[in-house]
Amino acid sequence: SNPFEVKINRQKFDILGRKTKNDVGLPGVSRSKAIKKRNQTLLKEYKEREKTNVFKDKRFGEYNTKITPEEKMIRRFALERQQNYGKKNTYNLNEDEELTHYGQSLAEIEKLNDIVDSDSDTEERGTLSAELTAAHFGGGGGLLRKKVSSEQQDEEEEKPKSRKELIEEMIAKSKQEKQERQTRRESALELTEKLDKDWKEIQTLIARKTPKSEKKDKEAEKPKPDEYDMIVRELGFEMKAKPSERLKTEEELAKEEQARLQKLEADRLRRMRGIDEEANKKRPSHMSADDLADGFILDKDDRRLLSYKDGKINIENEEEEEEEGEEEDNENEEESQAESASENGEDDAADSHSDLESDLESEEEAAGNKEEKKHKGNENESQNVEELDPKREAAESELPYTFAVPESYETFKSLLAGRTIEQQLIILERVQKCNHPSLAVGNKAKLEKLFGFLLEYIGELAILDLPELRTIDKLVLPLYNLCQMFPEAASDSIKFILRDAAHDLEEVIEVKGRATFPGLDTLIYLKIISLLFPTSDFWHPVVTPAFMYMSQLLTKCRITTLQDVIKGLFICCLFLEYVSLSRRFVPELINFLLGVLHISLPKNQAQGYTVVHPFTPVGKNLELLFVCDKEDLKSWEKQNVPLSIVTRLKETSKRDINHIRLSCVALCFDLIKKCAALYESLPSFHEIMHPVRILLTQHAPVNEYPEKMHEWYHSALKELENKVKHYTPLICEKKKPVPLKQYTPKIVKVLEFGRKQAGSKKEQERKQLIQRHKRELKGAIREIRKDNQFLARMQLSEIMERDSSRKRKVKELLGSLATQEGEWKAMKRKKWKS
């Protein structure tokens with residue numbers, strides 16, 4: 001919008017409490033919105049005023065049972081004839097009724113287009129096929145077969161090979177080449193083994209070991225050191241005091257770790273590509289005897305010098321010289337030959353052709369040396385490849401040392417996919433070390449995202465059919481490290497998960513009136529919260545919402561299956577873990593344990609206690625933990641109830657389910673014992689635990705429990721009864737306190753100037769309603785008037801469009817008539833002239 005067209009309504013004074021309308025007005029905005037709205041509503045209705053979307057069956061007598069089908073067909077035929085002879089066929093003078101048979105016109109059938117006359121085929125007249133003559137007449141069949149067979153043989157000889165035949169030939173050739181290579185390899189191995197044996201035999205002749213008798217004589221000849229010499233040597237070997245290194249900062253440690261990992265990754269990549277580190281090192285260049293040392297440098301004197309012994313070149317490292325280039329080898333050999341000749345005093349005659357002969361001999365020797373070195377180089381290369389192959393495979397299978405922080409959850413998941421848990425931990429550790437916040441500016445935000453990805457990955461592992469709880473247990477360590485580095489981001493991500501879970505619980509309660517326990521992922525998140533954050537604080541931004549959510553789960557989720565009982569007991573264990581230091585009282589915990597004991601009792605039993613929601617005193621889920629099978633009671637043994645049993649409880653047998661029920665009851669006894677030890681210092685401890693004590697002493701079927709259960713039962717009961725009553729409970733006074741005398745305030749209405757004052761409240765409301773009605777009526781009249789104007793404009797535009805099309809058509813007709821008239825006049829004029 002143009003800023004110069006914006007209208008601003010200014011006021012002299014700003015009055016508090018007064019709402020101003022249309023402080024800033026944009027021209028044409030409200031009008032365009034109204035037009036757009038009318039186009040979407042009124043115009044659509046106007047265009048669809050004569051349309052209907054309902055299909056009506058208007059066939060005559062379709063739903064009339066009183067008329068017979070023959071009468072219906074006769075009447076329909078008559079109506080169809082009437083429609084055909086209506087207004088459409090008024091000016092149709094050449095009308096013929098078309099007769100049909102099975103949907104095809106009889107006129108087209110009578111044309112007999114499908115019949116083919118044999119006389120019309122002039123091209124193939126008088127010729128008969130070989131098959132026809134052989135079948136009917138028998139003549140010429142043998143001759144035809146012979147001709148055909150001879151033609152087929154010629155075609156087979158001239159026919160090119162098919163793809164299948166070519167592939168079979170190629171496979172046969174590859175197999176033959178493979179067999180030849182194998183025979184060559186076997187022969188080479190046999191030769192190497194033979195050479196090794198011969199070399200060992202020769203080596204024993206060359207190497208001379210000193211006999212033991214001579215060694216003993218030499219040792220006897222050495223004088224023994226004195227005590228003084230021994231002390232002096234010991235003092236020389238003593239450790240000397242060294243200055244301690246200063247402690248490095250976190251940034252320095254992170255940089256060193258990053259450099260170490262980058263170096264290891266470079267070494268791994270080099271090994272994976274098969275590059276030898278020693279081959280990349282720069283070898284010292286050869287230095288001849290007549291070198292003028294023009295490029296002499298004091299700093300790097302790495303060049304090798306030549307030395308002569310008995311008239312021959314003495315080279316320290318022969319292996320390095322063999323690996324040098326072919327051109328350098330030839331030059332060195334020529335130089336060495338010339339120098340040895342000069343030293344030995346061999347003077348070449350000027351007239352003789354001995355120099356040519358020596359040149360020829362040197363060229364032949366150089367060619368022979370070239371071939372030998374090429375053969376040796378090929379063998380060395382093959383040996384190096386065979387040595388590097390296992391190294392390359394080991395480098396490829398090894399984990400990379402540097403990782404980038406994944407930008408999305410899919411990349412994070414692909415990074416950990418197919419890895420063992422140890423490898424996953426190493427990857428996460430290297431990601432944190434390579435992308436430490438002190439190394440780059442954006443690393444902090446990336447690692448904060450990594451915490452969220454790790455949380456989501458743990459949730460996916462918990463949702464699986466067989467949840468990987470051991471993997472989740474080990475992944476908590478990198479999660480804890482990231483939480484210590486970024487506590488705010490970690491708390492925000494976990495609060496987001498808790499908020500979603502709480503909203504889902506509220507929505508389910510609003511829709512169904514009851515809720516079910518959440519999945520295994522949410523329960524594991526609640527366990528992780530107790531490991532990452534302090535649970536003993538009076539108020540914590542993460543632990544306190546988790547505490548409230550768990551209390552809602554224990555009070556609002558119905559207990560209908562054995563899975564619900566296991567999940568509820570797991571939340572009870574989490575509650576005890578949360579309040580182990582703060583000793584905060586949790587009434588939902590005591591209520592749930594009482595309900596678990598209640599559903600382990602048989603039905604139709606007198607109650608001296610009250611059961612609170614989510615448990616009910618009557619219903620079909622009363623005996624959810626009650627076991628009456630004696631064999632299962634005898635064979636039960638105390639065992640921990642694994643959390644993963646929740647997902648595979650349907651597959652377990654009846655005996656295992658009864659054992660799980662008994663284990664749940666034993667766990668409930670243990671939790672009651674822990675609650676009694678935790679809340680013994682509360683003033684109202686006996687009143688709180690009184691229903692539990694009644695249920696254990698009066699209603700629990702102790703005789704039916706197995707003998708191994710008695711220990712848990714008696715320990716819980718003993719813990720409840722041994723607690724001494726330390727405090728007297730609070731009791732209200734018998735007489736109510738007399739309230740103080742107070743004066744009722746006198747409410748006086750304050751007159752507001754500038755407004756109409758009425759006699760009573762009803763009159764004011766009535767006037768307001770009248771005023772509002774007038775305002776709405778004016779607005780409705782204005783809108784109706786605008787709607788009528790809009791429809792009138794639409795009708796006018798349709799009329800004008802129709803008139804313009806009519807004028808155009810009339811002009812076209814008049815133009816065509818004028819041209820016809822001109823042509824007719826021209827023809828007439830031509831005839832007159834002729």
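**Exercise 1. Place E193 in the fold and state which surface patch it belongs to.**

Step 1. E193 lies in helix α7, residues 163-206. Helices here are DSSP runs of H or I with at least four residues, strands are runs of E with at least two, and both are numbered from the N terminus. The model is predicted: local features need pLDDT of at least 70, side-chain atom pairs count only at pLDDT 80 or more, and totals for chains, interfaces and linings use all residues. Residues are numbered from 1 along each chain as its sequence is written, and side-chain values use heavy atoms, with hydrogens and water left out.

Step 2. Patch members have over 30% relative accessible area and no salt bridge; like charges are joined within 9 Å, and nonpolar side chains (Val, Leu, Ile, Met, Phe, Trp, Tyr) within 5 Å. A salt bridge is a side-chain nitrogen of Lys or Arg within 4 Å of a carboxyl oxygen of Asp or Glu. Lys and Arg count as positive, Asp and Glu as negative, while His and the chain ends are not counted. Each charge is placed at NZ of Lys, CZ of Arg, CG of Asp or CD of Glu.

**Exercise 2. Describe the patch that contains L205.**

Step 1. L205 is found in helix α7.

Step 2. Together with W199, I202 and I206, L205 makes a nonpolar surface patch of about 490 Å². Areas come from the Shrake-Rupley method with a 1.4 Å probe; for residues, only the protein chains shown count as cover.

Step 3. L205 counts as exposed because its relative accessibility is 73%. The classes are buried (under 20%), exposed (over 50%) and partly exposed (in between), with a 1.4 Å probe and protein chains only.

**Exercise 3. Find what surrounds Q552.**

Step 1. Q552 belongs to helix α21, residues 543-556.

Step 2. Its relative accessibility is 24%, so Q552 counts as partly exposed.

Step 3. Neighbours within four places in sequence are set aside; Q552 then contacts L505 and C557. Contact means heavy atoms within 4.5 Å.

Step 4. A502 is 50 residues away from Q552 along the chain, and their C-alpha atoms are separated by 8.9 Å.

**Exercise 4. Is D564 buried or exposed, and which side chain of opposite charge is nearest?**

Step 1. D564 lies in helix α22, residues 562-578.

Step 2. D564 is buried but has no salt bridge. The nearest side chain of opposite charge is K567, 5.3 Å away.

Step 3. Beyond its neighbours within four places in sequence, D564 touches F517, R558 and I559.

**Exercise 5. Examine the backbone at R583 and P614.**

Step 1. R583, in the loop between α22 and α23, has a positive phi of about 55° although it is not a glycine. Its relative accessible area is 46%, so R583 is partly exposed.

Step 2. P614 lies in the loop between α23 (587-598) and α24 (630-634). The peptide bond from H613 to P614 is cis, with omega near 15°.

**Exercise 6. Summarise the whole protein.**

Step 1. The protein has 28 helices and six strands.

Step 2. Of its 834 residues, 24% count as buried. The accessible surface is about 66500 Å², with 53% belonging to carbon and sulfur atoms.

Step 3. Among contacts between residues at least 6 apart in sequence, 69% join residues at least 24 apart.
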